Amino acid sequence: MLVLVLGKGKTGSLVAQVARERGHSVRVYDLAENPHASALTAPNLAGLDVVIDFTTAEAALANMRAILALGRRIVVGTTGWYAHLNDMKALAVKRGGGLLYGTNFSIGVQTLFRLTTQLAQLDGYKFSITETHHETKIDAPSGTAITLQQIVEAAQPGANIEVTSHRVGDAKGEHVVTATGPDDTLELRHDALSRRGFALGAVRAAEWLHNKSGAYDFREIFDQL
């Protein structure tokens, strides 16, 4: 495939590296090379199979609009734009484009989501979530922590699940879901040892999407990879 990676940050750079390792041709644009999605024109995208976005919420939204309006395919690992999710889904369907989005592309984290769905069924327990990331991460809580919060709150009507965020050094990403009852405590924990798991999942997602149209949540399709 010919893949365009948007974003030259820590994760975006690793995505480009992993894509090349898996035999794909790769182009990379940083924010300065693609202001307001201005580089995402039909001529520039000629021959391109999939775009992978790891930028910022504002940039990702503009990028999605440009890509989907042209009927192309985009994998979005950026979070913070989900208030516009229904609009992006509708645009993908209207123009025959492909959108695959997720708060975390790690297979391990996807497994954590499923285990949390099971844990959240417990009655008589108080739930809490803690997440730790590197000190330069802008959003807090993380998109992954918000997804975990939503999973638990969906199973515990009326519950307001507390999320505690920490920003420490170069932490790759740690998420802990704790259920505390009157007699015991249960804990689910995912601790990323490197960013490679996120990058590999994003590239595998692009491989899955490259011949499809429509809108997909990575949580729903990751076991098809």
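This report covers aromatic ring pairs and charges over rings in a predicted model.

**Aromatic pairs**

The structure contains 6 aromatic pairs. One of them joins F105 and F218, with ring centres 4.6 Å apart and planes at 45°, a tilted arrangement. F105 belongs to the loop between β5 (98–101) and α4 (107–119), while F218 is in helix α7 (residues 218–221), so this contact ties together parts that lie 113 residues apart in sequence. Both partners are shielded: F105 has a relative accessible area of 2% and is buried, and F218 is buried at 0% relative accessibility.

F218 also pairs with F222: the ring centres are 6.3 Å apart and the planes meet at 45°, so this pair is tilted as well. The angle gives that class because planes under 30 degrees apart count as stacked and those over 60 as edge-to-face, the rest being tilted. F222 is buried, as is F218.

A further group is made of W81, Y82 and Y101, which ring pairs link into a cluster.

**Charges over rings**

| Charged residue | Ring | Distance to ring centre |
|---|---|---|
| K212 | W208 | 4.3 Å |
| R219 | F113 | 5.5 Å |

K212 lies over the face of W208. In the case of R219, the charged end of the side chain sits over the ring of F113. Both contacts qualify because the limit on the distance from NZ of Lys or CZ of Arg to the ring centre is 6 Å, with a further limit of 35 degrees from the ring normal.

Definitions and conventions. Residues numbered from 1 in each chain as written. Predicted model: local features only at pLDDT ≥ 70, side-chain atom pairs only at ≥ 80, totals over all residues. Heavy atoms only, no water. Phe/Tyr/Trp six-rings, centres within 6.5 Å; stacked < 30°, edge-to-face > 60°. Helix = DSSP H or I, 4+ residues; strand = E, 2+ residues; numbered from the N terminus. Buried < 20%, exposed > 50% of the residue type's maximum accessible area, 1.4 Å probe, protein only.
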